[in-house]
Structures are given as C-alpha cells and as structure tokens.
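Subject: The structure, and what turned up in it

Hi,

Here is the structure I promised to pass along.

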Amino acid sequence: MEIRDILNTVYRRWLVFVVCFVVVMVIFMFFITSRKSYYAASSKIMVKTQSSVFSTYEQLPHLAEMASMEGYRNIQTQTEVLRSSEIYATAVEELGFNSGDILGIKVTPIPDSDVITITATAKTPEKAVKMANKLPEVYLRVIRDSQRDEAKESRVFIEEQMKKITGELHEAEEELKAFKESGNITDLEAESQEKVSRLVSFETQLNQRQVDLDATRSSVKELESQLTKEEKEIVQSTVFAENPIVMDLKRKLSTLEIEYARLSPNLSERHPKVTEIKAQIKKIEEQLKGTTKEIVESRNMAQNPIRSRLLDKIIGAKSDEMALETQIGSLRNVVAQARSELSALPADEMRLVRLTRNRDLLAKLYEALEEKYQDFRVTEKTQKVSGRIIERARGGYDVSRAKKFSGILTGMAIALIFGLGMVFLLEYLDDTIYTPSDVEKGLQLPTLGQIPFDKLLTEHVLHCQEKPNSPSAEAFRSMRNRLRYLVSEQQMKVLVVTSSTVEEGKSVISLNTAITLAQFGRKVLLIDGDLRRPTLHRYFKFENKGLTNVVVDGDDAAKLILDTPVVDLSFLPSGPLPLLESSPFVASELFEDPRITDVLNMFKKLFDFIIIDSPPVLAVTDPLSIAGKSDGIIFVIDSGVTRLSDALDAREELDALGKPILGVVLNKVTYTKAYYRYLYYYYESREG
C-alpha cells in the first residue's frame with residue numbers, strides 16, 4: 001500500500017478517525033485532570049571519598065578501617081547512607097511530618113564527581129523544600145557525630161595506654177637511676193651503646209607492627225560482621241596460608257624485611273639500597289594482595305556492587321594482615337639476633353643495657369602515642385565533617401505538570417494510533433469498492449472510466465449535452481474514447497449497461513454514454529431495457545411507448561423510435577409492462593421473444609451503436625436475457641457503495657452468458673477538494 005492509498009483511506013474514513021481520536025483524548029484528559037498535583041525540590045551535597053582524620057598518618061594506616069563512617073569511602077556508599085531509613089525517619093520526625101506527606105525520595109550521584117543530588121517529592125512545595133534541605137543536614141550531623149564518637153573512643157583508648165606506659169616509663173627510669181647510683185657502672189661503651197640503639201630500633205619497629213596488626217585484625221573483624229555466613233567462610237578460610245604462591249611471596253617478603261631491618265638503623269631512608277628494598281617490598285605486597293583477590297573471586301560468588309567493594313576492603317586488609325605477620329616474624333628474628341649479640345656482655349653491663357633499652361623503648365612508644373592522642377583530641381573538638389551542602393532547595397516545582405504534559409502527548413500518540421488502527425481495521429473488514437485498484441484486484445476487470453460525484457448530474461441528466469465543458473462531461477468523453485477503441489477492434493454494436501444492485505446510476509451512465517458517442521458523429525440508438533422501473537423517457541419527457549408494445553401489441557418498432565434533442569441520438573422507450581396476475585407476459589421473458597431478436601438485427605443495420613439500459617443483475621433476471629442479445633457488457637459500480645461480494649456475484653452471473661464484459665465504470669467517485677478546485681478552475685477558465 002502506497003502513501004497515497006493510506007491518505008485516501010484516512011480521508012474516506014475521516015469521521016471514524018476523528019471520533020476515535022476525540023474519545024481517547026477525552027478519556028486521557030479525564031484521568032490526567034483528576035490526578036492530584038505533587039511537587040519536587042532538589043538540593044546538592046558534596047561528600048569526600050577519603051577520610052579527613054586518618055589519611056595523613058602513615059604510622060597507623062589501618063586505624064581508619066576501624067571506623068564505619070571513616071576511611072576510604074566511595075560515592076555509592078554515601079548514596080546508600082543517604083537512602084537509609086534511619087536518615088529518612090530522623091528527618092521526618094524533626095520536621096514533624098506524617099509518613100504520607102512525603103511521596104518519595106530520590107538520591108542520585110552525579111557521574112564523575114563527589115556530588116549527590118537529593119530530590120524530595122511531597123504534596124506541597126513547602127514540604128518538598130523542607131525535606132530536600134533537611135535530609136543532607138541530618139546526614140552531615142550523623143557523619144559528624146559518628147566521627148566525634150569514634151575519635152573520642154580512640155582518644156580514650158590511647159589515653160589509657162599512655163597512662164599505663166607512663167607508669168612503666170617512670171618505673172624504668174627509677175630502676176635505671178637506682179642502678180647507676182649503686183656505683184657499679186654508669187655508662188656503656190660506644191660499641192655496646194650502638195648495639196643497644198639498634199636493638200631499641202628493632203623492638204620499636206616490632207611494637208609498631210604489632211599495633212598495626214592489632215588494628216588490622218580489628219578492622220577485618222568489624223568488616224566481616226557485615227558479610228553473610230558463606231562470605232565469612234571464604235575470607236576466614238586457611239586457603240590463603242596453604243596456597244603455594246602465597247607461601248612463596250611470604251618467604252620473599254620475610255627475607256626483604258630482615259634485610260630492611262638491618263639496614264635501616266645505619267642508613268637513611270633515601271639511601272639507594274634502602275630505597276630499592278622498600279620498592280621490592282611494596283611490589284611483593286601488591287602481588288600478595290592480587291593473589292588473595294584471585295582466590296576469593298575464584299569462588300564465583302554473585303554480589304552486588306556494595307558487597308563487592310566491602311569484600312575488596314577485606315581482601316586488602318587480609319593481605320596487609322599477612323604482610324604484617326611476615327614483617328613481625330622477620331623483626332622477631334632480627335630482635336632475637338640483636339639480643340644474642342648483647343648476651344655476651346658482663347652481668348652489670350648487661351643489666352644496664354636492659355634497663356636503658358626498656359627506658360628508651362617506652363619513651364619512644366610514649367612519644368608516638370602522645371602524637372596520636374593530640375590528633376584524636378583535635379578531631380574530637382573540631383566539628384569537621386566529610387561533606388558539605390553546596391546547593392540548597394529554593395522552591396518546589398510541580399512535577400505533575402510535566403507528567404500531565406507528557407501524559408497529553410502520550411494520549412495524543414495513543415489516540416492517533418487508535419484512530420488509525422480503527423480506520424484500517426474497518427478498511428480491512430470493509431469490502432466496498434472505491435478505486436480502480438479495488439476493481440482490478442477484486443474483479444480482475446479494467447476500468448473504462450471514473451465519473452466524479454456531481455450534483456449537476458441529478459439536476460441536468462442530459463449532462464454531456466447541457467454541460468459539455470464540465471468535469472463530468474469530460475470524464476464521459478474519456479470513457480467514450482476507451483470504449484470506442486474496444487468496440488471497433490471487436491466490431492461490437494449492441495452494448496448493455498447494467499449494475500449489480502439498484503441506485504448505482506446505470507441509467508445516467510447509459511444516457512450520457514450514448515450522448516458522447518452521438519457527439520462523436522455516430523448514429524446511436526438508446527433503448528430503455530428496464531421494463532420494471534423505466535426512467536429514461538422521463539428525462540426526454542416522452543411518452544413511454546416502446547419495446548413492450550412491439551411484443552404485446554405487435555406495433556412496428558421503427559415507428560416507435562423517437563428523435564432526441566441530441567443530434568444522431570435516437571431513443572426507444574421500454575413501453576408499459578402489464579403486471580396483472582392474469583397477464584401472460586413475464587418481463588424476464590420478453591427479451592427471449594423472437595421479435596426482439598428481429599428488431600435488434602434491424603436496428604444494427606440502421607445505427608452504429610445500440611446502447612441498452614438494463615436492470616440490476618442481482619435484482620431480477622431480466623438483464624441476463626438482455627445481455628444474451630448484446631455484443632458486450634458495461635458494468636457500472638457505485639464508488640463507495642457497491643460491495644465487492646455483490647459485484648463478484650453479478651459478474652459470476654454475467655460470465656455464465658459467455659458475453660465479454662468490456663470493463664467497469666466507477667460512478668460517483670469522490671475526489672479531493674483540491675482536485676475539484678483544479679477541475680472547475682480549469683474548465684471554467686476554458687469556458688470563459
């Protein structure tokens with residue numbers, strides 16, 4: 001189907017399309033206008049993805065993992081926190097809202113940034129604005145309180161450790177002082193002092209690694225509490241220690257740690273040897289972390305992104321735990337070796353070494369704790385949070401308005417589709433003949449002509465005579481030209497004009513076809529063969545005396561032929577038909593009378609063409625008798641009225657006669673207004 005056919009189909013059924021479109025739009029508008037309005041407001045908050053408390057302290061890199069709200073965060077985690085029911089419930093309670101006042105909360109992270117958009121939807125714009133501003137406030141307060149509580153807990157813990165170490169340091173100093181005052185020995189030799197310094201350095205590193213290990217284990221334990229049972233079994237499995245690759249990496253790491261511990265007391269951190277060993281240690285630690293991750297991922301567990309990131313944290317902490325255990329083991333060996341070097345000293349000197357070592361070790365540990373204590377104390381006093389509001393909600397906007405507009409557009413689209421669907425459904429179910437393509441596809445017959453629908457045809461039946469320059473007259477002449485070539489090739493003279501049903505305009509077609517043939521200079525005889533409903537004599541205003549008088553009364557047919565106002569056109573009426581029950585004449589059998597055959601043979605010698613107006617095929621049996629006397633049949637179809645099934649039935653009846661159907665004349669064809677304007681403009685201009 002071409003676009004032109006589609007447009008013609010819609011044009012023919014425009015009323016169906018309009019009604020369907022309007023009905024659907026009315027239904028949509030009813031539901032759209034009945035929906036209550038609701039409003040939305042948005043604010044923006046910027047969150048920091050790294051802890052501001054612990055990230056700068058390399059001495060205790062895993063203390064940050066102990067805090068659930070600190071450490072290395074990602075934007076998705078903060079998004080989930082903002083979506084939590086605790087934040088929502090607190091905000092609703094502080095605002096004094098009911099649960100039904102807020103219709104929805106949408107938390108959306110902006111890609112490639114640390115900014116999160118918070119959108120609150122409520123029944124009124126004021127409540128939407130308040131909720132959009134309250135949520136980030138509650139979030140930041142919860143973060144701040146959590147940081148302060150965690151900093152306080154850490155400060156209290158370190159404070160208790162400092163008190164304990166202070167007592168131990170005081171005892172060590174008093175013991176060292178008492179020993180020196182005893183007069184046995186007061187100072188160590190330079191070599192012994194160097195050995196003591198090295199031992200103290202090794203033990204200090206050992207103690208720091210032990211503190212890191214304890215912190216890491218606490219972090220792992222807290223993170224594991226958020227895992228499922230199956231996930232815990234994976235991360236707690238001994239498969240890490242049993243893996244040969246892990247064992248080999250730990251051996252290499254142990255060797256490097258021992259070498260680093262021996263060099264660090266004598267060389268600076270920037271020394272090439274120290275730098276090289278540290279780089280190798282870092283590389284092996286990365287390999288250890290990667291191997292640990294591969295072991296966990298080999299279990300093929302399906303996790304959501306949040307739990308995957310949680311497992312990544314635990315994997316990193318587990319790797320650090322194994323590295324620290326290896327470092328501690330290596331340092332213990334180094335410490336044992338350093339102690340053995342001092343074991344050969346005399347008893348008094350050995351005692352002085354031990355007392356000096358204990359004092360120096362406790363003093364360094366106290367200094368480290370003092371530094372951390374001050375850091376946590378500052379954090380606790382300050383109200384620094386890991387985020388800030390960068391844009392507050394200023395006013396609520398009507399979300400339903402946009403949805404109403406989109407609903408109207410959706411309704412228009414659905415109405416359009418529904419209207420077109422109904423049009424083409426009716427078109428599919430409708431077998432009415434409209435166009436020449438319908439004739440060719442349905443009847444397999446050519447179209448002789450298309451006579452446009454024109455009110456002038458009903459007012460001036462002798463149209464081609466009275467309005468020769470009208471579009472309708474031109475259509476008849478076009479049909480005449482096609483017909484003339486057909487009949488001349490096959491030497492046809494007697495043509496029957498019929499249709500499938502009544503009121504299809506076959507009489508008007510017969511009359512004007514005869515007129516156009518006469519206007520072309522041919523002698524034409526028009527016979528009214530519709531004995532039951534004769535109409536042609538009324539158009540000429542003649543008395544109805546003709547064929548039936550020949551058969552019933554035996555009149556001379558030549559004397560019954562009438563001259564018409566059209567040059568070369570003669571007319572033979574049907575004549576009156578006696579319809580009494582006692583009458584021996586039957587209309588369908590009159591044309592079977594031999595006298596009709598003789599009359600037609602005589603007329604063939606007198607005229608070039610004989611046009612017979614026949615009754616409809618499906619109405620009576622007369623046209624079959626009439627068509628049997630003809631040379632060819634012209635089949636009239638009322639465009640937009642005649643059904644294909646009726647036309648097929650009529651053609652089947654006509655085909656049984658063995659007479660050729662020359663073609664179809666589409667009558668009352670409806671063209672577009674533009675086409676009509678063009679035709680009338682053209683012909684009126686020509687007449688002028």
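Let me begin with helix 3, whose buried residues pack against strand 1 (39–47), helix 4 (85–95), strand 2 (102–109), strand 3 (115–122) and helix 5 (125–181). Contact here means heavy atoms within 4.5 Å. Helices (H or I, at least four residues) and strands (E, at least two) are DSSP runs, numbered from the N terminus.

Before going further, a word on the source: this is a predicted model, in which local features need pLDDT of at least 70, side-chain atom pairs count only at pLDDT 80 or more, and totals for chains, interfaces and linings use all residues. Residues are numbered from 1 along each chain as its sequence is written, and side-chain values use heavy atoms, with hydrogens and water left out.

Back to helix 3, which spans residues 75–83: I75, Q78, T79 and L82 are buried there. Buried means under 20% relative accessible area, exposed over 50%, and partly exposed in between (1.4 Å probe, protein chains only). Viewed down the axis of helix 3, the buried residues fall within an arc of 105 degrees, so they line one face of the helix. That arc is taken from the directions from the helix axis to the C-beta atoms.

Strand 1 has several partners. Two strands count as paired if DSSP finds at least two bridges between them.
- With strand 3, strand 1 pairs antiparallel over eight bridges, and the bridge partner of A40 in strand 3 is T121.
- With strand 4 (residues 387–391), strand 1 pairs antiparallel over four bridges, and V47 stands opposite G387.
- With strand 5 (residues 397–398), strand 1 pairs antiparallel over two bridges, and A40 stands opposite Y397.

In the loop between helix 4 and strand 2 you will find S99. Its relative accessibility is 65%, so S99 counts as exposed.

Now to the other end of the chain. Strand 10 (residues 569–572) is buried at every position, with L569 and F571 pointing one way and S570 and L572 the other. Strand 8 (residues 524–528) runs parallel to strand 10, joined by four bridges, and L526 has F571 as its bridge partner. Strand 9 (residues 562–563) runs antiparallel to strand 10, with two bridges, and D563 stands opposite S570. The hairpin of strands 9 and 10 has five residues between the strands, and D568 takes a positive phi near 70 degrees in it.

Which residues have the most contacts inside the largest nonpolar core? They are L526 and L569, in a core of 35 residues. A nonpolar core is a set of buried Ala, Val, Leu, Ile, Met, Phe, Trp, Tyr and Cys residues joined through side-chain atoms within 4.5 Å. Helix 18 (residues 506–519) gives the most to this core, with seven residues. Apart from it lies another core, of 25 residues, including I75 and I118.

Finally, confidence. pLDDT is the predictor's confidence in each residue, from 0 to 100; the chain has a mean of 78, and 78% of its residues reach 70 or more. It stays under 50 over residues 300–305 and also over residues 673–682. Where pLDDT is low, the predicted coordinates should not be read in detail.

Best wishes
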